[in-house]
Amino acid sequence: MAKKYQQNLRDKLKEHFREHPYFKLCKAVFMAFQEECSTMVMTPEELFEDASRTLDRVLNNGDFTAELCQDLWIDKFTQYRERDEKVGGKEDATKTEVAVLFYVVMYALQAVNHSHYRGTLQRTLHDSIFKLYYGDNIKKCLNVEQKLREPVNRHAQDMMAWMETYFNTTESLADEIYKLFHPDNKAAKNKNLKKEIIYYTLSYNCPEEKLRVKRISAVEQMMFGWKWIEEPQVADDFYHFFDGKPRNCNLKWIGRPVAILSELLKQLLNQYYMVKIKGVTSRSIVINQFGKTPSGNKERIDAKEAQRIQWVIDLLDYNKPLPLPKNSDNEIFDNAYLAAMQAVFAKELHITRDLNRTYK
């Protein structure tokens, strides 16, 4: 009975996702590997289901280290091995199944129009495959990937078109599959409604509290002056946005385009003074904290806005001195930047008392 039910689920998934680019990619990679290892127990449908969950995890996390890759490899090998042993599957076949999973996720990241995902994360996954599957055997790796090139390239354009939309929305393949398998489950229907929203914040690691207040205060004044954000109703909200604790800071982004916010957060998260926290990515903050759709289109950011992003980066760098306000006729600083600096140097700002003042 269980086997028949599993076949029904496979048929349902195959019918629903038959024309989906990622399903086609999974099937193509699977078939190429099946020529290398005909004893695999995994099916293309099972691969697609697991690859969808894993891809969502990588895209939402945004920081997949070699250590996390190794942990994932061990977890998947253990999971697949328990299943394969029930039908007499061989250990080498199980190892191949994990490699297939890693490959399809890696090729999906290749379709992301974002240098971190298609560069750093893709290389991390590939390094893990090379070490854990091929055992550093370069010749074997080259032979297999040569056979993969044609089937992967065949679906590259469709994958890029799909990923352009998928990467910039909160849609989830894993959720779609779950709903497909549980159409009559009331809990499943309300799954997204009940799903906890995590309001990620930045963890600014400035060692001196007074200096921390000064720099965050200056950044807030500038972002408000540039009409990037609405003035917070509660003074502490902007300050708490940098404390690293999940919290709805009620910040309203009104800047245009949203690519400015995405790029600002991306650069901030790469700075040495920001503590890396699992799950905290520019994408997750843009979506959950600001309720916006992320945009990686840097071409929409003009030179003026790029300069402003750099000012924010520099101002939060506590190892750099705060710039003195300038009053000359040849003032080159942005007006909001100058006003923020004048506010900072006018007095010792107190975060709960002075941040709502308007400086002209």
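Let's start at Pro257, which lies in the loop between helix H13 (235-240) and helix H14 (259-269). Helices here are DSSP runs of H or I, at least four residues, numbered from the N terminus. The peptide bond from Arg256 to Pro257 is cis, with omega near 0 degrees.

A word on the source. This is a predicted model, where local features need pLDDT of at least 70, side-chain atom pairs count only at pLDDT 80 or more, and totals for chains, interfaces and linings use all residues. Residues are numbered from 1 along each chain as its sequence is written, and side-chain values use heavy atoms, with hydrogens and water left out.

Back to the backbone. Most peptide bonds are trans, and most residues other than glycine have a negative phi. Asn250 sits in the loop between H13 and H14. Its phi is positive, near 55 degrees. Asn250 is partly exposed, at 45% relative accessibility. For the cut-offs: buried is under 20% relative accessible area, exposed is over 50%, and partly exposed is in between, with a 1.4 Å probe and protein chains only.

Next, Asp136. It lies in the loop between helix H6 (115-132) and helix H7 (138-154). Phi of Asp136 is positive too, near 65 degrees. Asp136 has a relative accessible area of 48%, so it counts as partly exposed.

Now helix H12, residues 209-225. Its 17 residues should span 24 Å at 1.5 Å a residue, and the end C-alpha atoms are 24 Å apart, which agrees. The expected span is 1.5 Å times one less than the number of residues. Is H12 mostly covered or mostly open? Mostly covered: twelve of its 17 residues are buried. Among them are Arg212, Lys214, Arg215 and Glu220. After H12 comes Lys227, with a positive phi near 60 degrees.

On to charges. The structure holds 16 salt bridges. That means a side-chain nitrogen of Lys or Arg within 4 Å of a carboxyl oxygen of Asp or Glu.

Take helix H3 (residues 44-61). Arg53 and Glu49 both lie in it, four residues apart, about one turn. Their closest N and O atoms are 3.3 Å apart. Arg53 is partly exposed at 38%, and Glu49 is partly exposed at 23%.

H7 holds Arg154 and Glu150, also four residues apart. That salt bridge is 2.8 Å, N to O. An α-helix has 3.6 residues a turn, so residues three or four places apart point the same way.

Last item: Glu46, Arg83, Asp84 and Glu97 are linked in a network of salt bridges.

Key. Helix = DSSP H or I, 4+ residues; strand = E, 2+ residues; numbered from the N terminus.
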